[in-house]
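Have the sequence and the 3D view ready.

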Amino acid sequence: MSERKPQIVFVHGMFVTNNCWQNWLTYFEAKGYECFAPAWPFKEYNAAELNKKHPDFEGEGHVRLSDVISRYEEFLKELDKPPILIGHSMGALVVQLLLQKGFGSCAVVIDSAPPQGVLSLEFSFLKANWPVLNPFINKYKPCKWSEAQFQFAFADHLSGEALHEAFRDIVPQGKLVPRDSLTSVAKINYRMKTQPLLFIAGEKDKIIPASLNKTNWRKYRNAMSKTEFIVFPERRHNLIMDNGWEEIADYVSNWINTNHTGNQ
């Protein structure tokens, strides 16, 4: 019987679909991994279809953070052994929460959204997140970013056709998930982590500043397993899809080779 391939489960973040991982799936499958990238509830469509559905009050508008976590818990329970977990942005916070529940053999969180109690007062963080956190607008109406809002939050180095092309992958986002990240649903028990964890930050990320990632990482200083942190210079929040994503993937691949327990 041939040896089973190690498995990786990718978790996407807000304003995108699981298609954001397409290059990563191809990359890691070529290295011998079995890869999965399940979609969030109501994001099982392409970007064009999701934009046509806007405003999807009853679907996207009512998705909670607990719904997203449950979607991945259900998927992970179907696997024979804990896989490697890789998440981006709010998906990285979901990975942190899954990790403390015992899912995952090791994990990589990229530009991770902050858990409960980890905040930033940087202007860029407040401005980029205000459209989904604004308490004076309908919390059940998904937020549909303008191209300018996307540029500021995700990719302020892009313009012209490169910006237009990147923006085509952006989808409406319900407001309840980011609001729930401020509550006990997103509470982390930092001391109890037993799996290796890597934090990756983009130096020029505006929506999740590198300083916020560093604060998140430092919370694990008394954890039972090692937690590492690296900042990639000149990178924005769009780093997993941006030109040069291979550099990030290479680093992640090397880190997994060193830190994965290999119990699969």
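What is the volume of the second largest cavity? Keep in mind that you're looking at a predicted model. In that model, the second largest cavity comes to about 40 Å³. Around it sit Gln 96, Leu 99, Gln 100, Ile 188, Asn 189, Lys 193, Gln 195 and Tyr 220. Sort that lining by class and you get three nonpolar, four polar and one charged residues.

The count of cavities of 30 Å³ or more is two, so let's visit the largest one as well.

The largest pocket has a volume of about 380 Å³. It is lined by 15 residues, and those closest to its centre are Glu 165, Ala 166, Asp 169, Met 241 and Asp 242. Two helices, α1 (22–30) and α7 (160–167), each bring at least two residues to this lining, and α7 gives the most, with three. By class, the lining of the largest pocket has seven nonpolar, five polar and three charged residues.

Move on to the second largest pocket, at about 270 Å³. Its lining has 20 residues, with Pro 114, Phe 125, Asn 129, Leu 133 and Leu 182 closest to the centre. Helix α5 (residues 123–133) supplies the largest share, five residues. What classes show up in this lining? There are 15 nonpolar and five polar residues, and no charged ones.

Last stop: helix α3. It covers residues 65–77, which makes 13 residues, and spans 18 Å from its first C-alpha to its last, close to the 18 Å expected at 1.5 Å a residue. Which residues of α3 are buried? They are Leu 65, Val 68, Ile 69, Tyr 72, Glu 73 and Leu 76. Looking down the axis of α3, you'd find these buried residues within an arc of 135°, so they line one face of the helix.

Notes: Residues are numbered from 1 along each chain as its sequence is written. This is a predicted model: local features need pLDDT of at least 70, side-chain atom pairs count only at pLDDT 80 or more; totals for chains, interfaces and linings use all residues. Side-chain values use heavy atoms; hydrogens and water are left out. On a 1 Å grid over the protein atoms alone, a cavity is a set of points where a 1.4 Å probe fits but cannot get out, and a pocket is an open set with protein on both sides within 12 Å along at least five of seven lines; lining residues have an atom within 4 Å of a point. Grid points are joined across faces, edges and corners, and a volume is the space filled by probe spheres set on the points. Ala, Val, Leu, Ile, Met, Phe, Trp, Tyr, Cys and Pro count as nonpolar, Asp, Glu, Lys and Arg as charged, and the others, Gly among them, as polar. Helices (H or I, at least four residues) and strands (E, at least two) are DSSP runs, numbered from the N terminus. The expected span of a helix is 1.5 Å times one less than its number of residues. Buried means under 20% relative accessible area, exposed over 50%, partly exposed in between (1.4 Å probe, protein chains only). The arc is that of the directions from the helix axis to the C-beta atoms.
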